[in-house]
Amino acid sequence: MNTPSAGLRARASEYALLPLRLFLGVTFVYAGLDKLTDPAFLSATGDGSIGQQMEAVRGAAGIPALIDLSLADPVGFGVAIALGELAVGLGALAGLLTRIAALGGALISLSLWLTMSWSTTPYYFGADLIYLLAWTPLILAGAPVLSLDALLHRRRGATAPVRTDSGPTLTAVGSRAGARRARGRARVSP
């Protein structure tokens, strides 16, 4: 039996990841823009520079070799992180290549956790680990609603070949309903 509350629950579960996607998208866009527009950050040395931040955490990093790698060109590393955050955030907000964007966000968060916030105690004070885990549902599920991915999926579904039980391929034109009708006719015909 289809009750109004069952329909509401189904609709709510359909949109369940949207707040997370929007939060992560806005946060990563903001973080990327903040880095790109901060001249102090995009310096190899000096107060607030990426170089100074990396030097400060080198001894406490989970993987000091990552810090050493970034210190070879701290400004280039800072720009790369900022552009990565911006790309990930825009991908999440638009819902375009969402799983790839989420994987990028998770990798950025993982690298920051292993370097910048590794020594944070207790561990749950460090946001990078939380961001790493927050990206996981979007890696698994993508952006099924209000996204460019969903729009592209619907468009591909409207013209994609539909395989029937009898073997021949039919081309569904118009909508998913047309594809279902085509499959249904193919199943009942001898």
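The model is a predicted one, and I shall return to its confidence at the end.

Leu151 also belongs to a nonpolar surface patch of about 510 Å², together with Leu96, Leu97, Ile100, Leu148 and Leu152. Which helix gives the most to this patch? That is helix H8, spanning residues 148-159, with 3 residues.

Let me turn to the aromatic residues. Across the whole structure, the search returns 6 aromatic pairs. One of them joins phenylalanine 28 and tyrosine 131 in an edge-to-face arrangement, with 5.9 Å from centre to centre and 80 degrees between the planes. Distant parts of the chain are linked here: phenylalanine 28 lies in helix H2 (residues 18-36) and tyrosine 131 in helix H7 (residues 127-141), 103 residues apart. Phenylalanine 28 is buried, because its relative accessible area is 6%, under the 20% limit.

A further pair consists of tyrosine 124 and phenylalanine 125; their planes stand at 80 degrees and their centres 5.3 Å apart, so this pair is edge-to-face. Phenylalanine 125 is exposed, with a relative accessible area of 58%.

Finally, the confidence. The average pLDDT of the chain is 86, and 82% of the residues score at least 70. Over residues 166-190, however, pLDDT stays under 50. For that segment the model has 26 contacts beyond four places in sequence.

Methods: Residues are numbered from 1 along each chain as its sequence is written. This is a predicted model: local features need pLDDT of at least 70, side-chain atom pairs count only at pLDDT 80 or more; totals for chains, interfaces and linings use all residues. Side-chain values use heavy atoms; hydrogens and water are left out. Patches are made of residues with over 30% relative accessible area and no salt bridge: like charges are joined within 9 Å, nonpolar side chains (Val, Leu, Ile, Met, Phe, Trp, Tyr) within 5 Å. Accessible areas come from the Shrake-Rupley method with a 1.4 Å probe; for residues, only the protein chains shown count as cover. A salt bridge is a side-chain nitrogen of Lys or Arg within 4 Å of a carboxyl oxygen of Asp or Glu. Helices (H or I, at least four residues) and strands (E, at least two) are DSSP runs, numbered from the N terminus. pLDDT is the predictor's confidence in each residue, from 0 to 100. Contact means heavy atoms within 4.5 Å. Rings of Phe, Tyr and Trp (its six-membered ring) pair if their centres lie within 6.5 Å; planes under 30 degrees apart count as stacked, over 60 as edge-to-face and the rest as tilted. Buried means under 20% relative accessible area, exposed over 50%, partly exposed in between (1.4 Å probe, protein chains only).
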